[in-house]
Amino acid sequence: MSRAIITTGTAKKAAKNTANYAKDNTQTLLILAALTVGGYFVYQALKGVSKVGGIIDEVTTPGSGSGSGTTTPGGNTPPPANSGLTITENQASVIARILLTAMDGFGTDTPAIFNALRGKTPADYHLISQKFGTPRYDGAGEGMWPAPQRGLTDWITRELDNNEMAQLKNIIPGIF
Ligand SMILES: [Ca+2]
């Protein structure tokens with residue numbers, strides 16, 4: 001029998017060796033343990049940082065994020081079936097931003113307004129208006145104090161002429 005087999009004696013020896021290793025290398029094991037614990041705290045710290053980063057992202061880009069953020073609760077949650085909404089809160093925020101861009105400054109990007117509002121329900125429009133807020137309007141676009149704060153409908157009716165308003169009434173009925 002030249003074949004090496006694990007006998008009780010071999011196992012005992014192995015166990016003893018392991019014990020000796022642990023005894024001789026207590027310091028090494030403690031360092032390893034410390035590194036593991038330290039690693040855990042580093043991990044926690046990094047997690048904290050990335051969490052803060054995520055919140056900053058949500059604050060600086062309204063309507064973005066996972067939907068569990070503090071600034072836009074349920075931002076990506078599909079709207080309830082009976083709400084009349086066809087868009088999420090985040091989509092409403094994006095559309096509000098598109099509309100402001102289309103109207104800001106000299107002149108108006110009328111096709112962009114039509115495209116942004118085409119197929120939207122009155123409930124959608126209400127939500128978009130909420131997201132739009134009341135930026136100050138100086139007669140051409142976004143202004144500074146003392147330009148009056150105006151809501152979305154005010155902005156649109158001031159930016160579009162009568163002919164364009166008539167077209168918009170067909171594109172999104174029941175609002176203007
Ligand atoms: Ca304008």
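These entries record what I looked up in a predicted model of one protein chain.

**Conventions.** I number residues from 1 along each chain as its sequence is written. In this predicted model I require pLDDT of at least 70 for local features and pLDDT 80 or more for side-chain atom pairs, while totals for chains, interfaces and linings use all residues.

**Overall make-up.** I find seven helices and zero strands in the protein chain, taking helices (H or I, at least four residues) and strands (E, at least two) as DSSP runs numbered from the N terminus. Of the 176 residues, 20% are buried, that is, with 20 or more other C-beta atoms, placed from the backbone, within 10 Å of their own.

**Contacts along the chain.** I count two residues as in contact if their C-beta atoms, placed from the backbone, lie within 7 Å. Among contacts between residues at least 6 apart in sequence, 46% join residues at least 24 apart.

**Helix 3 against helix 5.** I looked up the packing of helix 3 (residues 89-103) and helix 5 (residues 122-132): the angle is about 65° and the axes are 8 Å apart. Axes are lines fitted to C-alpha atoms over the stretch in contact, and angles run from 0 to 180 degrees between N-to-C directions. The two helices are therefore roughly perpendicular (65 to 115 degrees). On the helix 3 side the contact includes Glu89, Ala92 and Leu99, and on the helix 5 side Asp124, Lys131 and Phe132.

**Proline 146.** I note a cis peptide bond from tryptophan 145 to proline 146, with omega near 15°. Most peptide bonds are trans. Proline 146 lies in the loop between helix 5 and helix 6 (152-159).

Notes
Parallel < 35°, antiparallel > 145°, perpendicular 65-115°, else oblique. Buried ≥ 20, exposed ≤ 12 C-beta atoms within 10 Å, placed from the backbone.
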